[in-house]
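Work through the exercises below with the sequence and the model on display. Each task is followed by a solution in steps.

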Amino acid sequence: MDKDKITLVFDKWCKKLRLIPDWDIKLQWVTDKNWPKTGDIKIDCCDKKAIVLLNETNPKQENLEEVVAHELMHLKMYPLDQFTEGLILSTFKENTSARDFAYRGFFETLEQTVEELTKCFLLEFGENRELSFGRCQRGKSFTELYDGLNNLE
């Protein structure tokens, strides 16, 4: 992993997504071998600051440009993210199945949307346009998902 190259890619995506100069964003490498993610982002809206975290030791994804673009896309989506989360929290009572359903559905949909937008931008503007399949490769095959299930009769 060439950290200098990733830093250049990070700078490119900050500009491409029009995040700077409005935001102060930095890239931080995580060296904890037990950190389970490839990337993450911390956001402080009050100061318009963000930190993109990248796993230096054991990234799960092959294309770190894709990870960088994905995490920065979360920053672009953050106002919608926060509005929707607030709406869910203020609408549904705590510890109810309705709130759990809405919350889980929102975050799954948010992650899918961020990933789809990332793919579109990566295919259009990326230096490395190869999509990462790390999570998919570690998962069960379609057939394995059905192992052990009984017919409904």
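**Exercises on the fold**

Helix α2 lies across β1, β2 and β3 and runs at about 30° to β2. Helices (H or I, at least four residues) and strands (E, at least two) are DSSP runs, numbered from the N terminus. Axes are lines fitted to C-alpha atoms, for helices over the stretch in contact, and angles run from 0 to 180 degrees between N-to-C directions. The model is predicted, so local features need pLDDT of at least 70 and side-chain atom pairs count only at pLDDT 80 or more, while totals for chains, interfaces and linings use all residues. Residues are numbered from 1 along each chain as its sequence is written, and side-chain values use heavy atoms, with hydrogens and water left out.

**Exercise 1. The sheet**

Give the strand order of the sheet and state how its strands pair.

Step 1. The sheet is open, has 3 strands in the order β1-β3-β2, and its pairing is mixed. Two strands pair if DSSP finds at least two bridges between them.

Step 2. β1 (24–30) and β2 (39–44) each have a single partner strand, so they stand at the edges and one side of each lacks a neighbour in the sheet. On average, neighbouring strands are turned by 20° against each other, direction ignored.

Step 3. β1 and β3 (residues 49–55) run parallel and are joined by 7 bridges.

Step 4. β2 and β3 run antiparallel, with 6 bridges between them. Here glycine 39 stands opposite leucine 54 of β3. The hairpin of β2 and β3 has 4 residues between the strands, and in it lysine 48 takes a positive phi near 50°.

Step 5. Helix α1 (residues 3–16) lies across β1 and β3, at about 150° to β1. Contact means heavy atoms within 4.5 Å.

**Exercise 2. The helix pairs**

Describe how α2 and α3 pack, then how α1 packs with α2 and with α3.

Step 1. Helix α2 (residues 64–91) and helix α3 (residues 97–125) pack at about 150°, and their axes are 9 Å apart. The two helices are therefore roughly antiparallel. Angles under 35 degrees count as roughly parallel, over 145 as roughly antiparallel, 65 to 115 as roughly perpendicular and the rest as oblique.

Step 2. The contact of α2 with α3 has 14 nonpolar, 5 polar and 7 charged residues. In this classing, Ala, Val, Leu, Ile, Met, Phe, Trp, Tyr, Cys and Pro count as nonpolar, Asp, Glu, Lys and Arg as charged, and the others, Gly among them, as polar.

Step 3. Between α1 and α2 the angle is about 35° and the axes are 10 Å apart. From α1 the contact takes Ile6, Val9, Phe10, Lys12, Trp13 and Cys14, and from α2 it takes Leu64, Glu65, Val68, Ala69 and Leu72. These divide into 9 nonpolar, no polar and 2 charged residues.

Step 4. Between α1 and α3 the angle is about 110°, with the axes 13 Å apart. That makes these helices roughly perpendicular. Lys12, Trp13 and Lys16 of α1 meet Phe121, Leu122 and Phe125 of α3, giving 4 nonpolar, no polar and 2 charged residues.

**Exercise 3. An aromatic pair**

What are the centre distance and plane angle for phenylalanine 121 and phenylalanine 125?

Step 1. Both residues lie in helix α3, 4 residues apart, about one turn of the helix.

Step 2. The structure holds 3 aromatic pairs. In the pair of phenylalanine 121 and phenylalanine 125, the centres are 5.9 Å apart and the planes are at 45°, a tilted arrangement. Rings of Phe, Tyr and Trp (its six-membered ring) pair if their centres lie within 6.5 Å; planes under 30 degrees apart count as stacked, over 60 as edge-to-face and the rest as tilted.

**Exercise 4. Backbone exceptions**

Where is proline 21 placed, and where is arginine 18 found?

Step 1. Most residues other than glycine have a negative phi, and most peptide bonds are trans.

Step 2. Proline 21 is in the loop between α1 and β1. A cis peptide bond joins isoleucine 20 to proline 21, with omega about 20°.

Step 3. Arginine 18 is also in the loop between α1 and β1. Although not a glycine, arginine 18 has a positive phi of about 55°.
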